[in-house]
Amino acid sequence: MADPTPKSPRESIADYPDYPNKRKHFIPLENNPEVFSHLIQCLGISPSLGFHDIYSIDDPSLLSFIPRPAYALLFICPSEVYYRARANEPQFPDYNGSGSDEPVVWYKQTIGNACGLIGLLHGISNGKARNFITPGSDIDTLIKDAILLKPQPRADLLYNSSTLESAHASAAVRGDTVAPDAEPSPELHYICFAKGADGHLYELEGGWNGPIDRGQLEEHEDMLSERALSLGVKLLMEKAGGNLNFSCVALAPSFDS
């Protein structure tokens with residue numbers, strides 16, 4: 001781990017004038033639904049919720065294999081795709097929301113290589129996925145504490161969380177490939193699409209300056225509904241200029257639930 005000795009029991013990245021060079025770095029997660037499912041279960045999510053590979057967003061027969069409802073989608077893409085999609089995105093002020101009235105919970109990412117973890121947190125912190133959190137668990141307490149905070153103190157809460165760090169470390173060594181070092185950037189971006197408390201579709205990514213409202217969904221529409229895909233993943237792919245070097249996984253009921 002690349003951090004200097006904390007100055008206090010609760011540190012902030014604001015303590016480091018040469019941020020991001022001295023910030024905490026995690027081992028990148030393998031893009032693998034089994035790894036993602038293991039991580040959320042380590043955090044205190046019911047095993048009746050898990051991640052599933054999406055092999056097509058256009059073929060109804062392939063989409064039919066995904067258990068429904070789909071509570072969140074994680075769109076995983078290389079930097080080239082991400083920045084091309086973001087190039088013409090309207091700019092808006094830095095998000096400063098907090099409290100139980102927030103329509104959606106958004107996390108600013110301050111831990112290096114933790115974009116997968118932040119994406120997972122966006123998925124389980126919003127919409128009906130929160131119903132699968134074990135009451136009284138560490139992640140239950142963490143999310144409830146985070147909701148009360150503004151974005152920077154909220155990011156500091158995640159940065160200092162031993163619960164997140166140990167669960168991430170457990171998941172990072174799983175999978176089919178040798179886990180990489182923590183320091184090099186994998187140049188991948190994890191963008192989460194989830195439904196807010198207001199029924200809107202939100203695009204959530206910790207490297208942006210806040211959540212992006214992509215529009216209203218009907219009560220019955222989940223993340224794999226045609227409207228949600230058109231407002232979210234498909235729109236992002238169109239902005240990305242046809243680059244197909246991406247993957248997508250759904251947060252949905254487990255097969256054996």
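Reader: How many helices and how many strands does the chain have?

Author: The model is predicted, and the elements below are those assigned in it. The chain has nine helices and six strands.

Reader: What percentage of the residues in the chain is buried?

Author: A residue counts as buried when its relative accessible area is under 20%. The chain has 257 residues, and the part of them that is buried comes to 56%.

Reader: Among contacts between residues at least 6 apart in sequence, what percentage joins residues at least 24 apart?

Author: The contacts considered here are those in the chain between residues at least 6 apart in sequence. Of these, the share that joins residues at least 24 apart is 74%.

Reader: Is Ile 124 buried or exposed?

Author: Ile 124 lies in helix H4. Ile 124 touches, among others, Ile 40, Ile 45, Ile 133 and Leu 251, when residues up to four places away in sequence are not counted. Because its relative accessibility is 0%, Ile 124 counts as buried.

Reader: How far apart in space are Ile 124 and Ala 194, C-alpha to C-alpha?

Author: In sequence, Ile 124 and Ala 194 are 70 residues apart. In space, their C-alpha to C-alpha distance is 9.1 Å.

Reader: Which helices do the buried residues of H5 pack against?

Author: The buried residues in H5 are Ile 139, Asp 140, Leu 142, Ile 143, Ala 146 and Ile 147. They cover an arc of only 165 degrees around the axis, and therefore lie on the same side of H5. Those buried residues pack against H4, H6 and H7.

Reader: Which helices do the buried residues of H7 pack against?

Author: In H7, the buried residues are Leu 164, Ala 167, His 168, Ala 171 and Ala 172. Their arc around the axis is only 135 degrees, so they are on the same side of H7. The helices against which the buried residues of H7 pack are H1, H4, H5 and H6.

Reader: At the start of H7, which residue has a backbone nitrogen within 3.3 Å of a side-chain oxygen of Ser 161?

Author: Ser 161 lies in the loop between helix H6 and helix H7, and because its relative accessibility is 8%, Ser 161 counts as buried. A polar atom of the Ser 161 side chain lies 3.1 Å from the backbone nitrogen of Leu 164. At the start of H7, the backbone nitrogen that a side-chain oxygen of Ser 161 reaches to within 3.3 Å belongs to Thr 163.

Reader: With which residue does Glu 165 form a salt bridge?

Author: Side chains of opposite charge can pair when their charged atoms come close. In the bridge formed by Glu 165, the closest N and O atoms are 3.3 Å apart, and the partner is Lys 24. The pair links distant parts of the chain, 141 residues apart, with Glu 165 in helix H7 and Lys 24 in the segment before H1.

Reader: What N to O distance is found in the salt bridge of Glu 203 and Arg 214?

Author: Glu 203 is buried, with a relative accessible area of 2%. Arg 214 also counts as buried, because its relative accessibility is 14%. The side chains of Glu 203 and Arg 214 meet in a salt bridge with an N to O distance of 2.9 Å.

Reader: Which residues are linked with Lys 234 in a network of salt bridges?

Author: Lys 234 counts as buried because its relative accessibility is 17%. The side chains of Lys 234 and Glu 226 meet in a salt bridge at 3.1 Å, N to O. The residues linked with Lys 234 in the network are Asp 58 and Glu 226.

Reader: Which residues make the nonpolar surface patch of about 390 Å²?

Author: Phe 65 is found in the loop between helix H2 and strand S2. Because its relative accessibility is 59%, Phe 65 counts as exposed. The patch is made by Tyr 55, Leu 62 and Phe 65.

Definitions and conventions:
Residues are numbered from 1 along each chain as its sequence is written. This is a predicted model: local features need pLDDT of at least 70, side-chain atom pairs count only at pLDDT 80 or more; totals for chains, interfaces and linings use all residues. Side-chain values use heavy atoms; hydrogens and water are left out. Helices (H or I, at least four residues) and strands (E, at least two) are DSSP runs, numbered from the N terminus. Buried means under 20% relative accessible area, exposed over 50%, partly exposed in between (1.4 Å probe, protein chains only). A polar contact is a pair of N or O atoms within 3.5 Å; within protein, one must be able to donate a hydrogen and the other to accept it, and residues adjacent in sequence count only if both atoms are side-chain atoms. Patches are made of residues with over 30% relative accessible area and no salt bridge: like charges are joined within 9 Å, nonpolar side chains (Val, Leu, Ile, Met, Phe, Trp, Tyr) within 5 Å. Accessible areas come from the Shrake-Rupley method with a 1.4 Å probe; for residues, only the protein chains shown count as cover. A salt bridge is a side-chain nitrogen of Lys or Arg within 4 Å of a carboxyl oxygen of Asp or Glu. The arc is that of the directions from the helix axis to the C-beta atoms. Contact means heavy atoms within 4.5 Å.
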